[in-house]
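Q: I am new to this structure and would like to look at it step by step. Could you show it to me first?

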Amino acid sequence: MRPKTDPLSVLCEGDPWRKARAARAMHAAICDGATVVTAAPPDRPSRPDRPRLVPARSLAKRKLGSEEGRAALLHAIAHIELNAIDLAADMIARFSRCEEVADRRGDFIRDWSSVCDDEARHFVMVSDRLEQLGHSYGDFPAHGGLWDAALKTRGDIAARLSVAPLVLEARGLDVTPGMIDKLVQAGDTESADVLRVIYREEIGHVATGMTWLRHVAAFRQLDCRDLFRGMVVEHYDGVIRPPLNHDARHEAGLELTYYNELTLQPRI
Ligand SMILES: [Fe+2]
Ligand SMILES: [Fe+2]
């Protein structure tokens, strides 16, 4: 009998380090041929008591010239990566049984377990660097609204694919090169190197989102761009904010024609 694995082992783990280990174990099991057996995922994954979750606007602006400021930036990225682990596990638990992906269910599961594994590595890399700067994940307050997009898109695979990888992760591609430059300017090449690894791999995550949105659009016999735009307007605030990294977006297959009309134009 083939062994089994379950993304709920990731989603229902509250300790962040054990969650990352569970994600890596799930992916290893899937690569070894384990069958995914899962139940309906929780609306909110388990999380630790710390960090304290606060509205994004109440988070202090980070000044990267100081070590404390760089630690706060790494902490914010670790928090994003922890959410990303859960998003990938939730993609498998919630959407791998959708009729739109039934013909390629194994590929869908492998793709998102690979993303989940990357996110777990990202969390560990960033948290390890944070420890080198004298802090741990949980030491700073964190953005309390990161899971809101997951809640808003839990009912439709096209909505989830449009908003999570193709708006939110694409946003990471837009802003990360600027962070890397600032870290290098501040002399923190170790943190910059960690962000470079993440940046390269996130291009792949956006590409995975594009692959599956195209697949869903073909199943529904819809134009993929129209589907994307409609989902972003309905399930997100419908606005893509500059700065935009067109080169990285293009490399991931997310073409300007998808988001041009949604882009907030700078005020003249
Ligand atoms: Fe990541
Ligand atoms: Fe990612």
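Q: What does helix α8 span from its first C-alpha to its last?
A: Helix α8, residues 224-235, has twelve residues and reaches 16 Å, close to the 16 Å expected at 1.5 Å a residue. This is a predicted model: local features need pLDDT of at least 70, side-chain atom pairs count only at pLDDT 80 or more, and totals for chains, interfaces and linings use all residues. Residues are numbered from 1 along each chain as its sequence is written, while chains are lettered from A and ligands numbered from 1 in the order in which they are written.

Q: Which residues of α8 are buried?
A: They are L227, F228, M231, V232 and H235; buried requires 20 or more other C-beta atoms within 10 Å of the residue's own, and exposed 12 or fewer. Seen down the axis of α8, they fall within an arc of 125°, so they line one face of the helix.

Q: And what covers them?
A: The cover includes α5, α6, α7 and α10.

Q: How do α6 and α8 cross?
A: Their axes come within 9 Å and cross at roughly 85°. That makes α6 roughly perpendicular to α8 (65 to 115 degrees). On the α6 side, the contact (C-beta atoms within 7 Å) is made by A158, A159, S162, V163, L166 and V167.

Q: Changing topic, is A60 buried or exposed?
A: A60 counts as exposed because it has 9 C-beta neighbours inside 10 Å. A60 is found in the loop between β3 and α3.

Q: How far is A60 from P141 in space?
A: A60 and P141 are 9.4 Å apart, C-alpha to C-alpha, and 81 residues apart in sequence.

Conventions:
Helices (H or I, at least four residues) and strands (E, at least two) are DSSP runs, numbered from the N terminus. The expected span of a helix is 1.5 Å times one less than its number of residues. The arc is that of the directions from the helix axis to the C-beta atoms. Two residues are in contact if their C-beta atoms, placed from the backbone, lie within 7 Å. Axes are lines fitted to C-alpha atoms, for helices over the stretch in contact, and angles run from 0 to 180 degrees between N-to-C directions. Angles under 35 degrees count as roughly parallel, over 145 as roughly antiparallel, 65 to 115 as roughly perpendicular and the rest as oblique.
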